[in-house]
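Hi,

Here is the structure I said I would pass on.

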Amino acid sequence: MRIVTRLDETLPFIPVRFAVLAVSDTRTLETDASGATLAARISAAGHILVDRRIATDDIAAIRGAVEEWIADPEIDVVITTGGTGFTGRDVTPEAIEPLFDKRMDGFSVVFHRLSFEKIGTSTVQSRAVAGLAGTTFIFVIPGSTGACKDAWDGIIGPQFDYRSQPCNFVEIMPRLDEHLKRGKLRG
């Protein structure tokens, strides 16, 4: 797949503030390769990693951590990794989707397209989703390091680089709360 994004080097880089949540019953911060992969890519890109945690595969634990970060004005983006499959313990989408004010359906479409290039039809076993909660972007991605690399390198990284053209999330961030100021959209 050919990526059409280009960088306008005449524009300044604007760092964005991230939080990363690995969802797992077995990992610790020391053994969490997926969260570490995201943290390394966030820092290498010049962004700020504000917080990184582990939560068990439990709706209340996952939602609680993400709600805390949504309420924190120092965090612009939350990325969760893990818990997107179909087993009984995979509950990350169920924990996060009720928090969305707006869904980002295109993220799932593009993520699956990138993933299909690497793992074929196995991509259908992921329920990767994304959305906006207030002014906080949230990305829910699978727990493999490959999925984290694909999501960051192919979608999240470019969209949070202000220099990315033809458009990016950083340029719309100052206007994200317009719908909150005039009340939630009715539909």
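The crossing of α4 and α5 is right-handed (a crossing is right-handed if the near helix is turned clockwise from the far one by less than a right angle, and left-handed if anticlockwise). Before I go on: this is a predicted model, so local features need pLDDT of at least 70 and side-chain atom pairs count only at pLDDT 80 or more, while totals for chains, interfaces and linings use all residues. Residues are numbered from 1 along each chain as its sequence is written, and side-chain values use heavy atoms, with hydrogens and water left out.

Back to that pair. Helix α4 covers residues 105–119 and helix α5 residues 145–159 (helices are DSSP runs of H or I with at least four residues, strands are E runs of at least two, and both are numbered from the N terminus). They pack at an angle of about 125°, with axes 10 Å apart (axes are lines fitted to C-alpha atoms, for helices over the stretch in contact, and angles run from 0 to 180 degrees between N-to-C directions). The two are therefore oblique to each other (under 35 degrees counts as roughly parallel, over 145 as roughly antiparallel, 65 to 115 as roughly perpendicular, and the rest as oblique).

On the α4 side, Phe107, Val110, Phe111, Leu114, Ser115 and Lys118 meet Ala147, Asp150, Ala151, Gly154, Ile155 and Ile156 of α5 (contact means heavy atoms within 4.5 Å). Sorted by type, the residues of this contact are eight nonpolar, two polar and two charged (Ala, Val, Leu, Ile, Met, Phe, Trp, Tyr, Cys and Pro are nonpolar; Asp, Glu, Lys and Arg are charged; the others, Gly among them, are polar).

α5 also packs on helix α1 (residues 33–44), at about 25° and with axes 8 Å apart, so α1 and α5 are roughly parallel. Their crossing is right-handed. Here Ala33, Ser34, Thr37, Leu38, Arg41 and Ile42 in α1 meet Thr145, Cys148, Lys149, Trp152 and Asp153 in α5, and the contact divides into five nonpolar, three polar and three charged residues.

One more thing to check is a cis peptide bond between Gln165 and Pro166, with omega about 20°. Pro166 sits in the loop between β8 (164–165) and α6 (169–172). For context, most peptide bonds are trans.

Cheers
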